[in-house]
Amino acid sequence: MDLAEIGRVMRRRWYVLLPGLLLTAALTTAVHLLIPVEYQSQSTVTLLNSSKATEAFDGNPFLSTQASLTGMADGLARNLNSDGAKADLKALGVTGKHEVKIADNAQGPFMWLTVTGTDPAAVLKSDELLAGYADKRLKEFQTQQSVAPEAMIRMATIVPPQKPEAQTKTRIQYIVMVGALGFVLSLVAVFFVEARRRTPRGKDRPAPAGTRTAAQAPVPVGAAPAATDETMALRTVGPGGAGAT
């Protein structure tokens, strides 16, 4: 079946295709309305060595980096993603979903603080609150271990919370998936109806009930019966086997 034949079938069974397409359009519109647009804001922070450890570098913390800072960043990220931290952040007014992790391809103790939600203003405010809470938790960890203030690891903001950006990838994927599925099912329905309505043709197809073949047809009154192959042979050869005139 070529494209021309497919087009003819679709045109012929438009009464099946049209409702399917309308239903597909309704479903895609429902997905568009029911799945809200999500916004995401992200900030980047880094952990710095203590002021005491940077004395040999004239107090410049960016010249003094240690592997322990990356380990501390990993531990802090795990704590900020815990259920206890989620409860604290919710009490502070953080809405939406937050995530803290070491930045991809980071060559130091860099952390991404990300907040996702449906309200752009609330997302931006939540990311700011998350950054402040992360700095507070870092100080609490060290205070619990009785670390002297001048020996404490510090946190610095590299990239402040950014303006929330719309995240439409997931929404578009659902819309495309529903639209494609609805169109395919509509075509399946069209060709199913076409197959059921199309009359099969073939030599071996049995005759419909109530019809008679030519041999079974009744002979009209007064008409001579139709000659068969046997009678034609007798007329040609004759009773005695010789040709008859």
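**Cores and a buried serine**

The largest nonpolar core holds 23 residues, and those with the most contacts inside it are L76, L80, V100, M111, L113 and M155. A nonpolar core here is a set of buried Ala, Val, Leu, Ile, Met, Phe, Trp, Tyr and Cys residues joined through side-chain atoms within 4.5 Å. At least two residues of this core come from each of β1, α3 (67-80), α4 (83-92), β3 (110-117) and α5 (120-144). Helices (H or I, at least four residues) and strands (E, at least two) are DSSP runs, numbered from the N terminus. The top contributor is α5, with 7 residues.

This is a predicted model: local features need pLDDT of at least 70, side-chain atom pairs count only at pLDDT 80 or more, and totals for chains, interfaces and linings use all residues. Residues are numbered from 1 along each chain as its sequence is written, and side-chain values use heavy atoms, with hydrogens and water left out.

Take L76 next. Beyond residues up to four places away in sequence, L76 touches M111, A134, R137, L138, F141 and M155. Another core, of 5 residues, lies apart from the largest one; V9, V16, V190 and V193 are among its members.

Now turn to S41. It sits in strand β1 (residues 38-48). S41 counts as buried because its relative accessibility is 0%; buried means under 20% relative accessible area (1.4 Å probe, protein chains only). The S41 side chain makes a polar contact with the side chain of D127 at 3.0 Å. It also reaches the backbone oxygen of Q162 at 2.6 Å. A polar contact is a pair of N or O atoms within 3.5 Å; within protein, one must be able to donate a hydrogen and the other to accept it, and residues adjacent in sequence count only if both atoms are side-chain atoms. Leaving aside neighbours within four places in sequence, S41 is in contact (heavy atoms within 4.5 Å) with residues including L113, V123, L124 and P164.

Key: Buried means under 20% relative accessible area, exposed over 50%, partly exposed in between (1.4 Å probe, protein chains only).
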